[in-house]
Amino acid sequence: MPPEPPVNGGYMIAAYVVTGAILLSYFLSLVRKGRSEK
Amino acid sequence: MTAAAVPPPSLERAHATIRRGRAISALALLGIAGVYVLALGYTPIEARQGVAQKIFYLHVPAAWSALLAFSLVGIVSLLYLWLHDPRLDRFAASSAEVGLVFAAVMLTTGPIWAKPIWGTWWTWDARLTLTLFLFFLFVGYLALRSAVHDRHERARFSAVVGIMGMLLVPFVHLSVYLFRTLHPQPIVLKPSAPSLPWEMLRTLLVSTLMFTLLYVGLVTLRYGIGLAAEAREEHDAA
């Protein structure tokens, strides 16, 4: 029987949350800057 | 073509570019949300690394987008030194800033993956160290831009730094072949066929496509903001 994969889901969740936070916050900061240029 | 032949920045054009950039970025972010679902729900778990391997579907596309962004900064900087077209300088500034955002994703997801797999957050091997240098070089690029007020001097100085940054990109990619390094070797961008099962390769390709679309959207949005700022400056000066 093949060995069970290691349990490390917390790291995966952290990486997905951090990536979403970086990309979304940069996008929103640009949207706000774009609005202030009007 | 000389700078004199380029139309002056107009607010209408800037606002249209901002709207276009916002729409493309929003579409790409929705696509990345879809990638999350695809990676977490419909892509098999790697047997040896466990679910932490799924960080790869964000880390690799972020690295691709960052290296693409920095390479384009170098290419358009070379063209700027030749043509003196302010649109090239504006594009280089936008691409450098967006590239830094993707590099930040790459440099945070990498250590989060490394901790459970290598047992350490960071190691000073060639790939990681060169990537960090590249990141700092483009932080310096943006600092230089904000320190020089004359538009032509700023464009000329930063073009030279942008070209230097581009020269580092092939070393980053090839560092896993040139030096002894812990970092895994390329599994898609290599001379032989990709060494991944189809379900994993599909998720990686969709993610890379969405990250590239996000790069296009964010650069367009950032370019429009730069254009609007210049149009306003010229309007105020007139």
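This is a predicted model: local features need pLDDT of at least 70, side-chain atom pairs count only at pLDDT 80 or more; totals for chains, interfaces and linings use all residues.
Residues are numbered from 1 along each chain as its sequence is written, and chains are lettered from A and ligands numbered from 1 in the order in which they are written.

Confidence comes next. The model scores ipTM 0.93 and pTM 0.93. pLDDT is the predictor's confidence in each residue, from 0 to 100. For chain B the average pLDDT is 92, and 97% of the residues score at least 70.

Now chain A. Chain A has one helix and zero strands; helices here are DSSP runs of H or I with at least four residues, strands are runs of E with at least two, and both are numbered from the N terminus. The C-alpha trace of chain A spans about 65 × 15 × 5 Å along its principal axes. Of its 38 residues, 26% count as buried. Buried means that 20 or more other C-beta atoms lie within 10 Å of the residue's own, exposed means 12 or fewer, and partly exposed is in between, with C-beta atoms placed from the backbone.

The contact between the chains takes 24 residues from chain A and 33 residues from chain B. Two residues are in contact if their C-beta atoms, placed from the backbone, lie within 7 Å. On the chain A side there are 17 nonpolar, four polar and three charged residues. Here Ala, Val, Leu, Ile, Met, Phe, Trp, Tyr, Cys and Pro count as nonpolar, Asp, Glu, Lys and Arg as charged, and the others, Gly among them, as polar.

Back to α2(B). This helix covers residues 56-83, and at 1.5 Å a residue its 28 residues should span 40 Å; the end C-alpha atoms are 40 Å apart, which agrees. The expected span is 1.5 Å times one less than the number of residues. Of the 28 residues in α2(B), 20 are buried.

One residue of α2(B) is B:Gly74. B:Gly74 counts as buried because 22 other C-beta atoms lie within 10 Å. Leaving aside neighbours within four places in sequence, B:Gly74 is in contact with B:Gly162, B:Ile163, B:Gly165 and B:Met166.

As for the opening question, α2(B) is followed by B:His84, with a positive phi near 55°. Most residues other than glycine have a negative phi. B:His84 sits in the loop between α2 and α3 (86-118) of chain B. B:His84 is partly exposed, because it has 18 C-beta neighbours inside 10 Å.

Last, a helix pair. Helix α4 (residues 126-147) and helix α5 (residues 151-178) of chain B pack at an angle of about 170°, with their axes 9 Å apart. That makes α4(B) roughly antiparallel to α5(B); angles over 145 degrees count as such, under 35 as roughly parallel, 65 to 115 as roughly perpendicular and the rest as oblique. The axes are lines fitted to C-alpha atoms, for helices over the stretch in contact, and the angles run from 0 to 180 degrees between N-to-C directions. The residues of this contact divide into 15 nonpolar, six polar and three charged. Among them are B:Phe133 and B:Leu137 in α4(B), and B:Val161 and B:Leu168 in α5(B).
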